[in-house]
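Student: I have a structure open and would like to learn how to read it. Could you walk me through it?

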Amino acid sequence: MIAAEGLTKVFGGREQEFLAVDALDLEVDEGEVFGFLGPNGAGKTTTVRMLATLVGASSGRAWVNGIQIGAGRDAEIRARIGILTESPGLYERLSAEHNLRIFAELYGCADPAGQVEKYLRLLGLWERRDDPAGTFSKGMKQKLAIARALVHEPAVVFLDEPTSGLDPEASKNVCDFVETLRGQGRTIFLCTHNLDEAERLCDRVGVFQQRLIAVDSPDALRRQLFGRQTVVQLAPDSPVLDPQRLAELLPGIEPATVVAGDEQNGVQLIFTVRQPHAENPEIVRALVGCGARIEAVTEVHHSLEDVYLSLIRDGAAQEGVR
Ligand SMILES: Nc1ncnc2c1ncn2[C@@H]1O[C@H](COP(=O)(O)OP(=O)(O)OP(=O)(O)O)[C@@H](O)[C@H]1O
């Protein structure tokens, strides 16, 4: 639905060139919610602007909805996508309804009034439809801009920071709304700094800083970067275990990292495992066989933030994750 091959953007003239997007290769499937994550200035907006045909690429190729960008059919692409840019850019003096109607008519919707009403209602703005957009709060403006991006029922939607600057409740409302779009077969390309939001909404995420560092589902990235780890918490009065004996009893399982305990908290053993379902029972059996008193067995959970920070801090070294 969205594909890029070596997509590159260089700003500036020959004197002073700036490489904003470096040879991006990417495929986003139909119906997928794809999160595009990266620090400030990473080139996310520039990528969206290229894909949405708002700025030309310097080199490389890309297709949106099966149509190649910059190949004479950009107007067709623009008619079939919806885009929420970083600043809503509404007609402040016009009513919410009028703002949407202009776009619905511009896009040639068969039933502009019906579409406008549908999205004003879906985003909870119907009661305020006659108020000028300029009198709306930031959250309401954002919702109106989202409605505008969707009013012509595009198959591909680009959302650049949809919850930026919104309070927690307004962010949640926008997120909930994006979630409702998931089941409708639309392809959603979401740029966000909110990693909880990305974790909740996205099928896959791409971590990007001028070039694509890694791309996969949050779970797969977690596994690739950190493996799966099982923590065995021993009781404070548990006997001390002989690591040599334990290693003999658990062939094929990496020796555990031992975190020392104190009077209140017993020792923790952290095992890196491949298949917790198969290996955890073996670990517990071996420990109990050595006389350990086990208080709890848990799996370490790494957040998407852990994944993101690890990839961004160590971008170059993580090439292999791709
Ligand atoms: N028209 C332009 N001319 C020159 N440089 C530009 C232009 N547009 C963007 N840039 C530069 O390209 C880089 C990437 O900017 P971009 O807005 O794509 O980043 P971003 O990942 O969206 O950042 P943020 O998360 O802060 O919105 C920045 O260094 C920016 O200054």
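Tutor: Let's go from the domains to the sheets and then to the helix contacts. Keep in mind that this is a predicted model.

Student: Good. Into which domains is the protein divided?

Tutor: The assignment gives domain 1, residues 2–216, and domain 2, residues 228–299. The C-alpha centres of domain 1 and domain 2 lie 48 Å apart.

Student: Now the sheets. How do strands of a sheet pair?

Tutor: They pair through backbone hydrogen bonds, and the pairing is either parallel or antiparallel. Take an open sheet of four strands with the order 2-1-4-5, where the pairing is antiparallel.

Student: Which strands stand at the edges of that sheet?

Tutor: Strand 2 (18–28) and strand 5 (67–68) do. Each has a single partner strand, so one side of each is left without a neighbour in the sheet. Further in, strand 1 (residues 2–11) runs antiparallel to strand 4 (residues 59–64), and five bridges join them.

Student: How many bridges link strand 11 and strand 14?

Tutor: Five, with strand 11 (residues 228–234) and strand 14 pairing in the antiparallel sense. L234 stands opposite I294 in strand 14.

Student: And strand 3 with strand 9: parallel or antiparallel?

Tutor: Strand 3 (residues 33–37) and strand 9 (residues 204–209) pair in the parallel sense, over four bridges. L37 stands opposite V207 in strand 9. Strand 9 also has an antiparallel pairing, with five bridges to strand 10 (residues 211–216). In that pairing G206 stands opposite V215 in strand 10.

Student: What do strand 9 and strand 10 form, and what sits in the turn?

Tutor: They form a hairpin with one residue between them. That residue, Q210, has a positive phi of about 70 degrees.

Student: On to helices. At what angle do helix 3 and helix 5 pack?

Tutor: Read the angle together with the distance between the axes. Helix 3 (residues 96–106) and helix 5 (residues 138–150) pack at about 25 degrees, with axes 9 Å apart. Since angles under 35 degrees count as roughly parallel, helix 3 is therefore roughly parallel to helix 5. Their crossing is right-handed.

Student: Which residues meet there?

Tutor: From helix 3, A96, N99, L100 and F103 meet L144, A147 and R148 of helix 5. By class, this contact has five nonpolar residues, one polar and one charged.

Student: What about helix 5 and helix 6: how are they arranged?

Tutor: The axes of helix 5 and helix 6 (residues 168–182) come within 10 Å and cross at roughly 15 degrees. These two helices are therefore also roughly parallel to each other, and helix 5 passes helix 6 in a right-handed crossing. In helix 5, G139, Q142, K143 and I146 meet A170, V174 and F177 in helix 6. The residues of this contact divide into four nonpolar, two polar and one charged.

Notes
Residues are numbered from 1 along each chain as its sequence is written. This is a predicted model: local features need pLDDT of at least 70, side-chain atom pairs count only at pLDDT 80 or more; totals for chains, interfaces and linings use all residues. Axes are lines fitted to C-alpha atoms, for helices over the stretch in contact, and angles run from 0 to 180 degrees between N-to-C directions. Angles under 35 degrees count as roughly parallel, over 145 as roughly antiparallel, 65 to 115 as roughly perpendicular and the rest as oblique. A crossing is left-handed if the near helix is turned anticlockwise from the far one by less than a right angle, and right-handed if clockwise. Two residues are in contact if their C-beta atoms, placed from the backbone, lie within 7 Å. Ala, Val, Leu, Ile, Met, Phe, Trp, Tyr, Cys and Pro count as nonpolar, Asp, Glu, Lys and Arg as charged, and the others, Gly among them, as polar. Two strands pair if DSSP finds at least two bridges between them. Domain bounds come from an automatic or database domain assignment.
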